[in-house]
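This briefing goes through the fold of each chain, the contact between the chains and a few individual residues. Please keep the sequence and the structure at hand while reading.

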Amino acid sequence: MFHLSPLRLGTLALLFAGALFSAFASGYAGLEILTEILILAILVIALDMVAGFGGMVSLCHGALMGAGAYAFAMAGMSLGLPVWAAMLFAVLFTGAVGWIIGAICAGSHGIYFIMVTLAFGQMGYALVFESPFFGGDDGLAGLARPDLSALGIDLNRSRAFALYCLAALVLVALAAAQILRSGLGRALVGIRDNERRMRALGLTVWRTKAHLFGLSGMIAGLAGVLAAQHVMYISPGLMAWTVSGEALVVVILGGLGTFVGPILGAAAFVVLRHEIGALTPYWHLVVGLILIAVVMSRANGLFGFVEGRLARLAARRTAKADAPHREPRDA
Amino acid sequence: MDFGFWLFQTLNALQLSMLLFLLSVGLTVIFGLMHFVNLAHGALYAVGAYVAATVAGMVGYWAGLLVAPLIVAELGLLLYWLLIRRMRQSGPMAQVLVTFGLIFVLLDLTRIIWGDIALGIEVPDLLSGRIEIGGVTYPVYRLFIIALGAAIFAALALVLAHTQIGAMIRAGVDNDQMAACLGINVERLFLLVFCIGCALAGLAGAVAAPVLSVTPDMGLKILIPTLIVVVIGGLGSLWGAMAGSLIFGFVQTFGAVLMPGLASVLIYALLAAVLILRPAGLFPARG
């Protein structure tokens with residue numbers, strides 16, 4: 001069941017303080033990296049919701065993010081909606097797409113689920129890539145950021161934009177925690193642990209999965225909107241399956257289903273990419289080796305490893321206090 | 001759109017299908033026998049193409065065609081001992097992730113060894129030039145690809161249906177625990193199949209090298225079509241791999257000519273439909 005332990009809350013507070021500090025302390029390059037981290041963090045929260053808490057390992061979240069970006073661009077350019085309305089439209093559109101994909105895929109499990117979501121993601125990619133309506137291979141340029149000049153904020157400056165993304169991330173994290181804490185989220189975790197039992201309890205399993213996938217899609221769509229506003233340009237590359245794969249890698253490196261871990265993973269991933277990318281052009285080699293090592297070590301990512309260790313330590317201590325001769329329990 | 005047009009496109013479709021068949025047959029039988037998802041299969045194909053290009057540049061085309069499968073099979077053996085043996089008991093997600101990491105590693109290793117520039121490879125005199133059939137002139141090399149794919153399919157079908165080792169493989173795919181109880185060393189059988197699958201991936205790379213340019217990301221590009229073929233055809237089945245390859249080759253080729261702009265969408269829609277209506281694929285290996 002979803003629970004924000006003191007360790008998780010503390011880490012979240014630390015991460016927030018760190019992001020706030022670097023938003024004010026860093027220069028242009030640092031702010032660009034920070035913004036990248038914040039947007040990736042929103043995407044991986046969306047992915048962790050379905051993959052970590054629902055057992056639905058999705059390989060289409062990159063495409064959902066791209067769908068959000070394209071919906072935002074098209075709503076602004078073709079429908080002529082103002083920026084805020086276009087953002088809302090994009091989030092709702094991606095949520096609807098996510099709901100439909102979730103409803104269709106609800107019956108698939110394991111490797112088949114991964115494959116169907118991959119197929120849907122690639123379908124979107126092919127649609128955008130081959131259609132001149134969406135700008136095709138060239139992408140679309142000239143996207144607008146929201147105008148907050150009424151509040152005295154100029155979002156075209158990178159510090160203001162980083163803070164805007166941070167605000168979005170905090171809102172998303174609060175919303176995701178609320179969703180996972182609700183009856184819907186608990187039902188989802190129940191499905192992950194034992195789908196047949198939940199069905200026997202009278203739950204309409206596919207509907208729970210679809211609802212969660214839709215909500216996750218909305219969050220991924222928001223990440224797409226922010227990514228589009230960040231670089232003010234979108235291309236089909238945003239929807240390639242490797243983007244979904246990388247998001248999954250971030251979730252795994254951080255700690256699947258730990259809520260905090262993926263956010264930590266996003267920060268580590270982007271910083272490492274920039275640091276190693278500056279040293280060698282072969283950054284993928286390093287990340288590949290790290291990924292293999294983490295998965296083969298059977299630890300649940302960075303955060304899962306720390307959490308497991310601390311829990312074992314605490315269990316050993318209570319076991320000792322209770323009965324000194326008893327074997328320490330495994331947590 | 002006369003007869004010549006249809007014949008020409010049919011040959012194109014067949015050539016693409018056979019290339020995909022060489023790749024997907026290894027992947028599908030590996031999955032069927034050991035339930036192992038090897039996303040790095042495409043990367044092995046790229047390695048095969050590079051090895052073939054290098055050897056062909058030094059010794060000649062036929063040597064490259066022969067050496068590439070052997071080297072890739074060796075690489076597969078190495079991967080088996082280092083990684084895959086330990087991943088047998090893990091869930092599908094761990095396997096997907098480890099082999100996804102392996103894609104990254106192999107991609108950058110090929111870039112380190114061979115650089116980023118695309119390599120070309122010369123076709124031997126015997127297979128160069130064009131030949132006239134049914135009123136259209138068609139490159140001989142592409143006919144060679146079709147023939148090679150068909151020959152490999154026939155050989156594999158014969159081995160699977162009429163030899164003892166084929167019977168053991170079929171038993172292993174059908175029920176590996178029961179096969180092990182009957183005294184079949186399923187693990188060794190799997191290793192054999194894995195090496196053959198890797199060798200076929202290397203062969204596909206060597207065969208594709210003169211047609212497509214040899215670049216580091218060629219494995220990444222072919223991976224998704226291969227997975228689609230395997231999933232449409234049904235995991236673990238030789239006939240499924242052939243059927244899936246043909247479906248993909250024809251839909252892709254004729255879609256690109258008759259409905260440009262919709263060909264790829266058509267493929268993915270087909271895949272989604274198959275997965276939803278017949279989740280085990282069209283020709284599943286298990287009854």
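A residue counts as buried when its relative accessible area is under 20%, as exposed when that area is over 50%, and as partly exposed in between. By that cut-off, 53% of the 331 residues of chain A count as buried, and buried residues make up 57% of the 287 residues in chain B. The model is predicted, and every value below was computed from it.

**Chain A**

- Chain A contains 13 helices and two strands, and its C-alpha trace spans about 70 × 50 × 40 Å along the principal axes.
- The radius of gyration of chain A is 20 Å, which agrees with the value near 20 Å that a compact globule of 331 residues would have.
- Of the contacts in chain A between residues at least 6 apart in sequence, 78% join residues at least 24 apart.
- Chain A carries 21 positive and 16 negative side chains, with the centres of the two sets 14 Å apart.

**Chain B**

- Chain B has eleven helices and two strands, which follow one another along the sequence in the pattern α-α-α-α-β-β-α-α-α-α-α-α-α.
- With a radius of gyration of 19 Å, close to the 19 Å that the globule rule gives for 287 residues, chain B is as compact as a globular protein of that length.
- Taken along the principal axes, the box filled by the C-alpha atoms of chain B is roughly 55 × 45 × 35 Å.
- Among contacts in chain B with a separation of 6 or more, 78% are between residues 24 or more positions apart.
- Chain B has an accessible surface of about 11,900 Å², and 69% of this belongs to carbon and sulfur atoms.
- In chain B there are 11 positive and 11 negative charges, and the mean positions of these sets are 11 Å apart.

**Where the chains meet**

- The size of an interface is often given as the accessible area lost when the parts come together.
- Between chain B and chain A the buried area is about 3,400 Å², of which carbon and sulfur atoms give 83%.
- On the side of chain B, the residues that lose the most area to chain A are B:Met93, B:Leu97 and B:Phe104, which together account for 17% of what that side buries.
- In terms of residues, 42 of chain B are in contact with 37 of chain A.

- A:Thr208 is placed in helix H9 of chain A, which covers residues 205-231, and with 6% relative accessibility A:Thr208 counts as buried.
- Which residues does A:Thr208 contact, leaving aside its neighbours within four places in sequence? They are A:Leu184, A:Ala187, A:Leu188, A:Ile191 and A:Leu203.

**Two loop residues with positive phi**

- Most residues other than glycine have a negative phi.
- A:Met232, although not a glycine, has a positive phi near 55 degrees; A:Met232 is found in the loop between H9 and strand E2 (233-234) of chain A.
- At 31% relative accessibility, A:Met232 counts as partly exposed.
- A:Phe259 is likewise not a glycine and has a positive phi of about 65 degrees; the loop that holds A:Phe259 runs between helix H10 (241-254) and helix H11 (260-279) of chain A.
- Is A:Phe259 buried or exposed? With a relative accessible area of 4%, A:Phe259 is buried.

Definitions and conventions. Residues numbered from 1 in each chain as written. Chains lettered and ligands numbered in written order. Predicted model: local features only at pLDDT ≥ 70, side-chain atom pairs only at ≥ 80, totals over all residues. Heavy atoms only, no water. Helix = DSSP H or I, 4+ residues; strand = E, 2+ residues; numbered from the N terminus. Rg over C-alpha atoms; globule rule 2.2 N^0.38 Å. Buried < 20%, exposed > 50% of the residue type's maximum accessible area, 1.4 Å probe, protein only. Contact = heavy atoms within 4.5 Å. Areas by Shrake-Rupley, 256 points an atom, 1.4 Å probe, with all protein chains shown as cover. Lys, Arg positive; Asp, Glu negative; His and termini not counted. Charge placed at Lys NZ, Arg CZ, Asp CG, Glu CD. Buried area = accessible area lost by both parts, 1.4 Å probe.
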